[in-house]
Amino acid sequence: MGIRLPGVIVAKQILRRTILTGNKSSSTSSNVPKGFFAVYVGEAQKKRYVVPVSFLKQPSFQALLSKAEEEFGYDHPLGGLTIPCRGDFFIDVTYHLSRS
């Protein structure tokens, strides 16, 4: 059991997390650089993450997308892709994807 602080820091830098402000107009597609897409992650409080499109071909990320499809279908309440999992789990998954 150890603390992997550098990994979390790197993952946060890669994801370029932005906290939701409740104003949907602040999360327009112009805030997302080419080659990335925004997802909303969390169970109670949603946070916005910007992730590379290349994650879409990874099996572990596809599993998260399947979970989102089961929960929301194609109707995402925030207007963007919502992934129903804990933020720390999402960061861990994406950290491992960025290392491979």
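Of the 100 residues in the protein chain, 34% count as buried. Keep in mind that this is a predicted model. The accessible surface of the chain comes to about 6400 Å², and carbon and sulfur atoms account for 56% of that surface.

**Overall layout**
- You'll find 3 helices and 3 strands in the protein chain.
- Going along the sequence, they follow the pattern α-β-β-α-β-α.
- Take the contacts in the chain with a separation of 6 or more: 55% of them come from residues 24 or more positions apart.

**The largest nonpolar core**
- This core has 14 residues, and F61, I83 and F90 touch the most other members.
- The elements giving it two or more residues are β1 (36-41), β2 (47-52), α2 (59-72) and α3.
- The largest share, 4 residues, comes from α3.
- What does F61 touch, leaving aside its neighbours within four places in sequence? F61 is in contact with F37, V51, F55, L56, I83, F90, T94 and L97.

**A look at helix α3**
- Helix α3 covers residues 87-99, and at 1.5 Å a residue its 13 residues should span 18 Å.
- Buried residues in α3 are F90, I91, V93, T94, Y95 and L97.
- An α-helix has 3.6 residues a turn, so residues three or four places apart point the same way.
- Three of the buried α3 residues, F90, T94 and L97, also turn up among the contacts of F61.

Terms used. Residues are numbered from 1 along each chain as its sequence is written. This is a predicted model: local features need pLDDT of at least 70, side-chain atom pairs count only at pLDDT 80 or more; totals for chains, interfaces and linings use all residues. Side-chain values use heavy atoms; hydrogens and water are left out. The expected span of a helix is 1.5 Å times one less than its number of residues. Buried means under 20% relative accessible area, exposed over 50%, partly exposed in between (1.4 Å probe, protein chains only). Contact means heavy atoms within 4.5 Å. Accessible areas come from the Shrake-Rupley method with a 1.4 Å probe; for residues, only the protein chains shown count as cover. A nonpolar core is a set of buried Ala, Val, Leu, Ile, Met, Phe, Trp, Tyr and Cys residues joined through side-chain atoms within 4.5 Å.
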